[in-house]
Amino acid sequence: MGNIKLRKAAIIGTGHVGSHVAFSLATQGEVDELWMVDIDKQKAIAQATDVNDAVSYLQHEVTARACEPEDIGGCDILVISAGPLPRPDQDRLDTLGDTVAVLKEFLPRVKASGFGGFIISISNPADVVAAYVQRYLDYPARKIISSGTALDSARLQRLVAGLCRVSRRSLTCYALGEHGGSAMVPWSHVRVQGIALDQLQKDLPQRFPAFDQEKVTQDMKHGGYLVLEGKGSTEFGIASAVTEIVRAIFHDEKKALPVSCLLQGEYGQRQVFASVPALLGKDGVEEILELRMTPAEQAQFQASCDRIREYMALSQKM
């Protein structure tokens with residue numbers, strides 16, 4: 001009888017975001033081992049100990065340990081959450097220089113570890129950082145994902161569900177492009193129980209009244225800063241989004257999620273990381289689903305990709 005394979009996840013950067021990702025993975029039962037890395041070694045030890053203290057009241061056994069980047073070679077998934085949080089007055093792209101400096105500290109050590117699993121990058125600016133990591137490590141494109149607009153899409157679902165007075169689980173709606181100021185919403189693909197929202201608004205205006213789509217888009221974009229201004233960092237939403245991505249991979253769900261991955265011809269885009277609906281399973285990004293957007297939506301998506309490319313080029317000079 002063969003040995004049972006334990007599910008192992010490493011997290012580099014165990015501050016507010018990384019620690020909540022760790023705890024979410026533990027409480028939702030998605031990992032057996034957590035390997036926690038931080039430049040502040042005492043913080044990594046403290047976070048691992050805190051998770052271990054919770055195990056008596058969790059649904060299954062989890063072991064957390066602090067470690068160095070060189071120790072993560074046997075892990076299945078690496079979550080990169082290192083780098084500075086943006087200030088409320090900063091665009092996420094403004095943190096690029098500081099984040100690249102941090103990446104240069106630990107990426108050579110990740111490479112030395114022999115790590116060959118899946119990488120989920122959540123450090124900001126999310127799309128540009130994923131591209132930088134993929135290029136630096138010369139990593140297979142299907143095995144590196146940024147959480148991208150997974151969180152933006154959740155914020156969008158919350159807003160639209162409230163306006164339509166339906167469960168957000170009845171909604172299909174995505175934010176695409178950059179996880180940032182140029183994110184766009186293909187409103188032509190918003191569905192309620194499979195029915196186009198614009199059709200419902202036309203046929204049942206009393207039940208589904210029209211609303212200002214641009215305002216909802218802007219409120220979605222501001223959602224992260226609302227949390228940032230009030231508590232200093234986003235934690236719960238991103239932790240849940242990352243856990244959903246990990247679950248799709250570990251359980252081979254073939255689930256379509258809006259994540260940032262390398263586009264190589266899809267949507268007319270090449271060599272850019274941007275968020276699109278992607279099927280995630282045991283092989284990572286297994287397929288990219290192409291929505292037929294309106295010309296206006298396609299132009300917005302193009303503009304968002306161009307903005308990401310601009311900063312990708314900048315990162316290569318750092």
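Which side chains meet in a salt bridge at 3.9 Å, N to O? In this predicted model, the pair is Lys-8 and Glu-33. Lys-8 is partly exposed, with a relative accessible area of 24%. Glu-33 has a relative accessible area of 11% and is buried, because the cut-off for buried is under 20%.

Glu-33 also forms a salt bridge with Arg-65. Here the closest N and O atoms are 3.3 Å apart. This pair too links distant parts of the chain, with Arg-65 in strand β3 (residues 63-66) and Glu-33 in strand β2. The separation is 32 residues. Arg-65 is partly exposed, at a relative accessible area of 29%.

Another salt bridge brings together the side chains of Lys-254 and Glu-286, at 2.6 Å from N to O. Lys-254 lies in the loop between α8 and β10. Glu-286 belongs to strand β12 (residues 284-288). The pair links distant parts of the chain, 32 residues apart. Both ends are partly exposed: Lys-254 has a relative accessible area of 38%, and Glu-286 has one of 28%. Salt bridges with shared partners also join six residues into one network: Arg-7, Glu-30, Asp-32, Glu-244, Arg-247 and Lys-255. Across the whole structure, the search finds 18 salt bridges.

Helix α8 spans residues 236-250 and has 15 residues. From its first C-alpha to its last, α8 reaches 21 Å. That is close to the 21 Å expected at 1.5 Å a residue. The buried residues of α8 are Ile-238, Ala-239, Ala-241, Val-242, Thr-243, Ile-245, Val-246, Arg-247, Ala-248 and Ile-249. Arg-247 therefore has a relative accessible area under 20%, and Arg-247 is also a member of the salt-bridge network. Just after the helix, Asp-252 takes a positive phi of about 50 degrees.

The largest pocket has a volume of about 880 Å³. It is lined by 32 residues. Of these, Ala-150, Ser-153, Ala-154, Gln-157 and Arg-168 are the closest to the centre of the pocket. Five elements each supply at least two residues of this lining: α5 (150-164), β7 (171-172), α7 (213-231), α8 and β10 (255-264). The most comes from α8, which gives 9 residues. By type, the lining divides into 14 nonpolar, 9 polar and 9 charged residues.

The second largest pocket holds about 740 Å³ of space. Its lining has 38 residues. Ser-81, Ala-82, Gly-83, Pro-84 and Ser-123 lie nearest the centre. The elements giving two or more residues to this lining are α1 (16-27), α2 (41-54), α3 (96-113), α5 and α7. Helix α3 gives the most, with 4 residues. The lining divides into 16 nonpolar, 14 polar and 8 charged residues. Helices α5 and α7 are listed as contributors to the largest pocket and to the second largest pocket.

The largest cavity has a volume of about 30 Å³. Its lining is formed by Leu-93, Pro-125, Ala-126, Asp-127, Val-128, Glu-178, His-179 and Ile-308. Helix α4 (residues 126-137) gives the most to this lining, with 3 residues. The lining residues divide into 5 nonpolar, 1 polar and 2 charged.

Terms used
Residues are numbered from 1 along each chain as its sequence is written. This is a predicted model: local features need pLDDT of at least 70, side-chain atom pairs count only at pLDDT 80 or more; totals for chains, interfaces and linings use all residues. Side-chain values use heavy atoms; hydrogens and water are left out. On a 1 Å grid over the protein atoms alone, a cavity is a set of points where a 1.4 Å probe fits but cannot get out, and a pocket is an open set with protein on both sides within 12 Å along at least five of seven lines; lining residues have an atom within 4 Å of a point. Grid points are joined across faces, edges and corners, and a volume is the space filled by probe spheres set on the points. Ala, Val, Leu, Ile, Met, Phe, Trp, Tyr, Cys and Pro count as nonpolar, Asp, Glu, Lys and Arg as charged, and the others, Gly among them, as polar. The expected span of a helix is 1.5 Å times one less than its number of residues. Buried means under 20% relative accessible area, exposed over 50%, partly exposed in between (1.4 Å probe, protein chains only). A salt bridge is a side-chain nitrogen of Lys or Arg within 4 Å of a carboxyl oxygen of Asp or Glu.
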